[in-house]
Amino acid sequence: MTSLFREVTPGTAEEIPVREITVTVNGQRRSAVVEPRLVLAHLLRQGFKLTGTHTGCDTSNCGACTVLVDGRPVKSCTMFAVQADGHEVMTVEGLAGPSELHPLQEGFKEEHGLQCGFCTPGMMMASKALLDENPSPTEDEIRWALSGNLCRCTGYQNIVKAVMWAAGKLDGETAEVQA
Amino acid sequence: MMKLRFASPEMLVDINEIPDLDYHRVDDDGTIRVGAVCRHADLERSSLLDTRQPTMAAAAPLVADPIVRMRGTLVGSVCHADPQGDWASVMTALDASIIAQGPNGRRSIAVRDFVLGPFQNALAFDEIAVEAVVPTPRGMPAGGYLKLERRVGDYATVGVAVAIDRVGSQVGRAGIALTAVGPATIAADAAAQKLTGRPLTADNIGEAAELAAEAAQPKSDHRGSADFKRQMVRVFTSRILTGLLRSEEEAA
Ligand SMILES: Cc1cc2nc3c(=O)[nH]c(=O)nc-3n(C[C@H](O)[C@H](O)[C@H](O)COP(=O)(O)OP(=O)(O)OC[C@H]3O[C@@H](n4cnc5c(N)ncnc54)[C@H](O)[C@@H]3O)c2cc1C
Ligand code: FES
Ligand code: FES
């Protein structure tokens, strides 16, 4: 069991209510004892040490903390960790296979879809949700799907190209499987 | 609210896991019901609203950003009673009600009486809102929602909701409500009354737009001056109604 570090005033530990939760993170069932006020982003980062999920604003504006909960994109700073109890969470760490990058990761590399990289995990998870639902999106559809994710570096052009690239690659892979 | 330390509740009840509250549906008589856990995204993707409730269909994709819409709910937004909330004005323009449920049973509260002021609603401490109800239209529902925002995902600088029910060539019922131009959602009743019981014309559209602008109580802030916001209320009211008039003329 993973347990979160917390410093307490001596003798007050009993007063802090905690709950045990079990969350499937990137396919792996993990349990933790958490305070109800802990947000999902912090459980992932500080608790499970999955620091690929970034927190940029903590007010659900920037989208850097986007993860998939039961397949739907969610800004993980909007949700309490206890609300993820019994649910499936996928973070950016869950994208790559054992030996190769996910097409989205390759796309961001090929098309220079990142500069500082701070927004990138959120961009990729929001894009993953889009491609799962709509495997060949238009440029407008990509811009629409990513409109809740802010990037301060790239000017977005290459992010859109990166997602197009990934869609093309995924399409090729599906075609290969079908052939 | 909690992150900004505006609220620090001792206990928080999560209603997300209550089963069967995520619906939105149209009853046989045309009444629309939206459950407490129905998300903005469910309404945005709805195949029902385009024809059955165009004002709601127009507003759904304009609330927040696509990812926030995955979590936020219409009922929660009305409960939140943010003067900048989009759904409260849409629901006010539609004469909708909120169904509250508590230990003493259920009661229905009109949205215009439900929103008491900024971040204040009429629920008792032991009640939750379980459903929003949009009453049966008195004709063919038509309408729109326009929102001025600085960028995607921002709250409205100005928002205008217009809902009319057409009976033949006449307007059977009209509702107009304003977002973000006062301390709470504003029902522009005098503007709506100008339209009822007669056909839409360029003249009464102009009068309604003027009365809607008069009903606004905007304040100058970082989003724009009071005069600019009032002008936008005038422009949006007229733009939605003129669009409806045009589609009426095209259909004729
Ligand atoms: C970045 C960002 C941008 C946004 N932009 C917009 C925007 O442009 N326009 C807009 O309208 N909104 C916007 N919102 C708000 C968003 O639409 C949410 O819908 C709104 O905050 C309500 O969220 P919720 O449904 O999750 O309710 P919560 O946040 O869970 O609740 C809000 C309040 O209502 C109460 N409440 C909720 N549901 C019930 C219920 N069933 N019964 C009783 N009380 C209840 C809660 O106790 C709380 O006080 C934005 C939010 C964010 C984070
Ligand atoms: S940290 Fe969650 S949206 Fe910015
Ligand atoms: S790459 Fe720096 S914020 Fe997007």
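This is a predicted model: local features need pLDDT of at least 70, side-chain atom pairs count only at pLDDT 80 or more; totals for chains, interfaces and linings use all residues.
Colleague: Which residue does B:Asp189 meet in a salt bridge?

Modeller: B:Asp189 pairs with B:Arg112, with N to O at 2.8 Å. A salt bridge here is a side-chain nitrogen of Lys or Arg within 4 Å of a carboxyl oxygen of Asp or Glu.

Colleague: OK. Which domains is chain B divided into?

Modeller: Domain 1 covers 24–134 and domain 2 covers 140–251. Those bounds come from an automatic or database domain assignment. The domain centres, taken over C-alpha atoms, are separated by 19 Å.

Colleague: How many residues of each domain are in contact?

Modeller: In chain B, 27 residues of domain 1 touch 28 residues of domain 2. Contact means heavy atoms within 4.5 Å. The two domains of chain B bury about 2000 Å² between them, and carbon and sulfur atoms give 56% of that. Buried area is the accessible area (1.4 Å probe) that two parts lose on being put together, summed over both.

Colleague: And how many salt bridges and polar contacts are there between those domains?

Modeller: Three salt bridges cross between domain 1 and domain 2 of chain B. There are also nine residue pairs in polar contact, both residues being at pLDDT 80 or more. A polar contact is a pair of N or O atoms within 3.5 Å; within protein, one must be able to donate a hydrogen and the other to accept it, and residues adjacent in sequence count only if both atoms are side-chain atoms.

Colleague: New topic: how many residues does each chain put into the contact between A and B?

Modeller: Chain A brings 22 residues and chain B brings 21 residues. In chain A, the residues that lose the most area to chain B are A:Arg72, A:Gln83 and A:Trp144, together 31% of what that side buries. The whole area buried between chain A and chain B is about 1700 Å², with 55% from carbon and sulfur atoms.

Colleague: What does A:Arg72 form a salt bridge with?

Modeller: A:Arg72 pairs with B:Asp42, and their closest N and O atoms are 3.3 Å apart. The count between chain A and chain B is three salt bridges. The rule also finds five residue pairs in polar contact across that interface, both residues at pLDDT 80 or more.

Colleague: Now the ligand. How many residues surround ligand 1?

Modeller: 25 residues surround ligand 1, and the closest are B:His40, B:Thr73, B:Asp86, B:Ala129 and B:Lys147. To count as near, a residue needs one of its heavy atoms within 4 Å of the ligand.

Colleague: Why is the site called shared between chains?

Modeller: Because the residues surrounding ligand 1 come from chains A and B.

Colleague: Which ligand atoms do B:Lys147 and B:Ala129 lie by?

Modeller: B:Lys147 has a polar side-chain atom 2.7 Å from an oxygen atom of ligand 1. B:Ala129 uses a backbone N or O atom, which lies 2.8 Å from a nitrogen atom of ligand 1. B:Ala64 also has a backbone N or O atom to mention, 3.1 Å from an oxygen atom of the ligand.

Key. Residues are numbered from 1 along each chain as its sequence is written. Chains are lettered from A and ligands numbered from 1 in the order in which they are written. Side-chain values use heavy atoms; hydrogens and water are left out.
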